[in-house]
Amino acid sequence: MAYDPQQLYIDPILTGFSLGYEEQTLYGTRLAPEMTVRSKSARYRVFDRSHWLLYSDRREPGTQTRTIQPRKWSEDTYKTQQHALKGFVADEERRELNSLGGLADATFGGDLQIDPDRDVAEDTTGAILRGHENLVQSRFRNTANYAAGHTTALAGAAKWSDYTYVTPGDVTSIVSNPVADIKTAVMRVYLDTGRWPNTMVIPIDALGVIEGHPRVVDRFKNFALTDPEAWKQLLNVPAPANFFIVDSKYNAAQNVYATESITSFWGQDVWIGLVDPTPGQPTKTFAKTFVYPQPNGEVRAVDSWRENDPRGDWHRTTYEYDVKVVSNVAGYLIQTAVAALS
């Protein structure tokens, strides 16, 4: 039987599972916070510092009050796109699972509570969230999304994984300098936004490299890498309060039957910038996820319908969004900060 709209319903149990589901730690909505919107597409204002002007505000008796200039507004647009995947659960699959000797039998691990309907919600939700993660990382790692002076690419001896001493025993002679590179990023964001960056993203490939770098070890002897106070001591500036050691991955094989090719979303790039979780528009943040809610008001929903040939149920997860860079001066990208782990 073909799809019948009257049989379509939003499944509250599977939707709740989808909203709370996270098989691995993903960072997309942590770095590009969700902002729910009332229309699928619209214009939004881009906030800058052009209104930070000095005015002569002295007023003599009997004279008119001076007038300030209206703000100069920049605008951009978002357009949410629907991202949806579905999966089918056949009645025969349920019967097999629940039959004597089937996988749902206690003898064969029935205590695991195998639930094919939940498995479909899990698989579709996971795939959609990995798609969002991939879109966010592509926005953050694209140098075209930054203002001039907000990116750098390290190569050769400048990579933090290169500990080569120019003068043996002299830490200050090592060409690579994560302390200076990070401080440059922090100061660049501050100078162009008037706010200290509050977030640092370090790929898992770079974690051990930074911890073991002689320049860092020399100045970081009594602190943990994830301690904001330690970064404050290290950089001599207000340090980012949020540290994300990003380790999210995907299977680049793109086929469940092919040999796995587990690949990092974030590569070897380091990012420093502003992430403002406040949902309103007048915020200073590098990126946002504009979300058009589903009919039940949630950001994601699982709807279901039944078919009779073959007999079974379809479950579809839907998430409608657009990821936008809303301030190209609110972030700084350090490309290829370290060599890739082999």
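Helices and strands here are DSSP runs, numbered from the N terminus. In this predicted model, Thr-285 sits in the loop between β11 (270–273) and β12 (287–291). The structure holds 11 salt bridges and 12 aromatic pairs. The largest nonpolar core has 47 residues.

- Thr-285 has 0% relative accessibility, so it counts as buried.
- Its side chain reaches the backbone oxygen of Leu-274 at 3.4 Å.
- A polar atom of the Thr-285 side chain also lies 3.0 Å from the backbone nitrogen of Asp-276.
- Beyond its neighbours within four places in sequence, Thr-285 contacts Leu-274, Val-275, Asp-276, Val-326, Ser-327 and Ala-330.

**Nonpolar cores**

- In soluble globular proteins, nonpolar side chains tend to be buried together.
- In the largest core, the residues that touch the most other members are Leu-31, Phe-140, Trp-160, Trp-266, Trp-271 and Phe-286.
- Helix α5 (residues 178–193) supplies the largest share of this core, with 5 residues.

**Helix α5**

- α5 has 16 residues. From first C-alpha to last it reaches 23 Å, close to the 22 Å expected at 1.5 Å a residue.
- Its buried residues are Pro-178, Val-179, Asp-181, Ile-182, Ala-185, Val-186, Val-189 and Thr-193.
- Gly-194 follows the helix and has a positive phi, near 80°.

**Salt bridges**

- Arg-94 pairs with Asp-91, with the closest N and O atoms 2.9 Å apart.
- These two residues are 3 residues apart in helix α3 (residues 91–98), so about one helical turn separates them.
- Asp-91 also forms a salt bridge with Arg-306, at 2.4 Å from N to O.
- That pair links distant parts of the chain. Asp-91 is in helix α3 and Arg-306 is in strand β13 (residues 300–308), 215 residues apart.
- Arg-306 forms a salt bridge with Asp-313 as well, at 3.0 Å from N to O.
- Arg-306 counts as partly exposed because its relative accessibility is 28%.
- Asp-313, at 15% relative accessibility, falls under the 20% cut-off and therefore counts as buried.
- Through shared partners, salt bridges join Asp-91, Arg-94, Asp-117, Arg-306 and Asp-313 into one network.

**Aromatic pairs**

- A pair of aromatic rings is described by the distance of the centres and the angle of the planes.
- The ring centres of Phe-88 and Trp-314 are 4.9 Å apart, and their planes meet at 50°, so this pair is tilted.
- Phe-88 belongs to strand β5 (residues 81–90) and Trp-314 to strand β14 (residues 311–325), so the pair ties together parts that are 226 residues apart in sequence.
- Phe-88 is partly exposed, with a relative accessible area of 25%. Trp-314 counts as buried at 18% relative accessibility.
- The rings of Tyr-190 and Trp-196 have centres 4.0 Å apart and planes at 15°, so they are stacked.
- Tyr-190 is partly exposed, at 29% relative accessibility. Trp-196 is partly exposed too, with a relative accessible area of 29%.
- Ring pairs also link Phe-140, Tyr-146, Trp-266, Trp-271 and Phe-286 into a cluster.
- Phe-140, Trp-266, Trp-271 and Phe-286 are also among the residues that touch the most other members of the largest core.

**Backbone exceptions**

- Most residues other than glycine have a negative phi, and most peptide bonds are trans.
- The peptide bond from Asp-309 to Pro-310 is cis, with omega near 0°.
- Pro-310 lies in the loop between β13 and β14.
- Thr-336 is not a glycine, yet its phi is positive, at about 40°.
- Thr-336 is found in the segment after β15 (331–335). With a relative accessible area of 30%, Thr-336 is partly exposed.

Terms used
Residues are numbered from 1 along each chain as its sequence is written. This is a predicted model: local features need pLDDT of at least 70, side-chain atom pairs count only at pLDDT 80 or more; totals for chains, interfaces and linings use all residues. Side-chain values use heavy atoms; hydrogens and water are left out. A nonpolar core is a set of buried Ala, Val, Leu, Ile, Met, Phe, Trp, Tyr and Cys residues joined through side-chain atoms within 4.5 Å. Buried means under 20% relative accessible area, exposed over 50%, partly exposed in between (1.4 Å probe, protein chains only). Helices (H or I, at least four residues) and strands (E, at least two) are DSSP runs, numbered from the N terminus. The expected span of a helix is 1.5 Å times one less than its number of residues. A polar contact is a pair of N or O atoms within 3.5 Å; within protein, one must be able to donate a hydrogen and the other to accept it, and residues adjacent in sequence count only if both atoms are side-chain atoms. Contact means heavy atoms within 4.5 Å. A salt bridge is a side-chain nitrogen of Lys or Arg within 4 Å of a carboxyl oxygen of Asp or Glu. Rings of Phe, Tyr and Trp (its six-membered ring) pair if their centres lie within 6.5 Å; planes under 30 degrees apart count as stacked, over 60 as edge-to-face and the rest as tilted.
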